[in-house]
Amino acid sequence: MQQYDVIVIGGGHAGIEAALAASRMGCKTLMLTMDIEKIGAMSCNPAVGGLAKGQLVKEIDALGGEMAKATDACGIQFRILNRSKGPAVWSTRAQVDRHRYNDYMKEIILAQDGLDVRAGMATDLLVKKDAVYGIKTADDEEIHAKAVVITPGTFLNGLIHIGLEHFPGGRINEEPALGISDTLRKLGFKVGRLKTGTCARLDKNTIDFSRTAIHLGDEPPVPFSLSTTEIKLPQKPCYLTHTNSETHKVILTNLDRSPLYTGVIKGTGVRYCPSIEDKLKRFPDAVRHQIFLEPEGLDTDDYYPNGVSTSLPVDVQEKFLRTIPGLENVKIVRPGYGIEYDYVDPTQLNLSLETKKLKGLYLAGQINATTGYEEAAAQGLMAGINAALRVKNKEQFILDRSQAYIGVLIDDLVTKGTSEPYRMFTSRAEYRLVLREDNADLRLREFGFQLGLVKKREHEELIRKKNNVAAELKRLKKTAVKPAQVNNKLSAWKSAKVKSPAKLSLLLKRPELKYSHIAELSPAPAGLSPAEMNQVEIETKYEGFFARQLREIEKFRKIEEMKIPEGFSYEEIKALSREVREKLTRFLPRSVGQASRISGITPAAISILMVHLHRYRHEK
């Protein structure tokens, strides 16, 4: 019988980060996956990042995860989105070479010290009292462990739909994962059903790109990872086209063959990334919908038509695609499809992603009702970290809403729950002004170092960056320039002249001036990197806004730090309504702050709870 510290079930984006984190923290770890060759496979579009998702990837990198490094090694187009807006919503997105990404992650996993990889299916959990102690495989083998992380993606009882035909599968041409869902139900977990889907893959040689609009990446490309010095792969463009009235007519007249609209699919779909059928029904007045034609790699002719996810029959897919400019003669390499799969209600988890029912059992990724590679990887990293900490008998690592998008993601899932696939947006983060891409390392890299996931050299770079930025901010506030020194240049830059000596920091606050202008007036210190210059500019320009948000965070933390003791009984607080008592007992919030975010918990109920907590502590 084999004994591990941590077992990770699944080799997708969540499983990769969980297994790497646990093994890198010194735990003897097993990754059990149904197909070793598919470790890191991208089931849907070949891209990483995007609005709010880019922030998650930067945070994963700052904590010592792998997704950003893999993206930089395999990226074939990089763009920073929302550059016309403020830095709070800048988000990096990269097209990646699908096959290279798969190979990169597989190699990293197989080369990781302390990590064993086996092909197989977990069908049952080994449980004693209120704790998990291992798994049972389809071969009836028992493998013991002190913690288990389940990251099955869409494989839990997966059912693929193409038109009115459906068949079991976790991905096209891959078997579903069976057994674990039944085990979780028997153990008392609430298990539901969700639906997602993907687009057809198209043959590049049958696309007329002259009828589309070219979309180039940023030049030079800006990497995701702090560790990346340059992007080495050739960069490729994407192309933009649109649906039209003829496209819509073909789709709408064939809804009687759609599993989504004939009741065949029972699971709830993704609101924020709907199928093309869903878009037409939800937005009937829309004249057209955009489609980005995205290359799947450097060595393949496959293209991904982002924007037309569908589960319509193959003949209908081909017919409506051929109404789109540039795709009149297109050939489908692989059809789009919908997939239903099981998930576990995430309110049954603690903020550590450990289940409330079973100690040592962690869930991460789409099993927690999320959608997207980035959300999955973020959860996998946190679950792997906390599984390792449990093995080491150390306190669980939790990020709150004011510290990271990862904290927002997990708090939303655990505290509020969701009835549809959850996707991260910048609007979900109350403190997004301080949770920016550019300062992810300043916020989180110290944690990664303390956990043993960030190398000493990387930590030293962080300290150097902090010191350099602080010194330059101080210099700009102290250094004043005389009118005779600067007014000619200010005029040339279409900025108002000064009548008396002006501090450099005040000049940099002007919206029309950048740090590069200030450096012309007073040269930057030697060795100040472009990233540090960018940080100085942002910190200076938004200083007042940051101060206001930091005051809000201070208020948030005061209520967040009011912990609710384990075992605290809500039933004894008769001043609370029965509904409130039942909700608090079901959710078991970790703090008064978390309790306040549970739907239906009123400010009055929180006030009563605080009084009883104070009395409880006094009596103890």
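Ala, Val, Leu, Ile, Met, Phe, Trp, Tyr, Cys and Pro count as nonpolar here, Asp, Glu, Lys and Arg as charged, and the others, Gly among them, as polar. Keep that in mind for the stops below. The model on your screen is predicted.

**Stop 1: the largest cavity**

Select Leu351, Met382, Ile398, Leu399, Ile406, Gly407, Ile410 and Asp411. These residues line the largest cavity. The space inside the cavity comes to about 40 Å³. How many cavities of 30 Å³ or more are there? The count is one.

Now colour the lining by residue class. Six residues are nonpolar, one is polar and one is charged. By the classes above, Gly is polar and Asp is charged. Find Gly407 and Asp411 in your selection.

Which helix gives the largest share of this lining? Select residues 405-416, helix α10. Four lining residues of the cavity come from α10.

**Stop 2: a three-stranded sheet**

Move to the sheet. Three strands form an open sheet here, and their order is β3-β5-β4. The pairing is antiparallel.

Select 47-49 for β3 and 75-81 for β4. These are the edge strands, and each pairs on one side only. Look along the sheet next. On average, neighbouring strands are turned by 15 degrees against each other, direction ignored.

Then show residues 53-62, helix α2. This helix packs on the sheet and touches both β3 and β5. Turn the view to compare directions: α2 makes about 80 degrees with β3.

**Stop 3: the second largest pocket**

Last, select Val222, Pro530, Ala531, Glu532 and Asn534. Of the 47 residues that line the second largest pocket, these lie nearest its centre. About 1,600 Å³ of space lies in this pocket.

Which elements give two or more residues to the lining? Show these four:

- α11, residues 440-451
- α12, residues 456-478
- α15, residues 515-521
- α16, residues 530-541

Highlight α16. The largest share of the pocket lining comes from this helix: nine residues.

Finish by colouring the pocket lining by class. You will find 19 nonpolar, 12 polar and 16 charged residues.

Technical notes:
Residues numbered from 1 in each chain as written. Predicted model: local features only at pLDDT ≥ 70, side-chain atom pairs only at ≥ 80, totals over all residues. Heavy atoms only, no water. 1 Å grid on protein atoms, 1.4 Å probe; cavity = no way out; pocket = protein on both sides within 12 Å on 5 of 7 lines; lining within 4 Å. Points joined across faces, edges and corners; volume = space filled by probe spheres on them. Pairing = 2+ DSSP bridges. Axes fitted to C-alpha atoms, helices over the stretch in contact; angles between N-to-C directions. Contact = heavy atoms within 4.5 Å.
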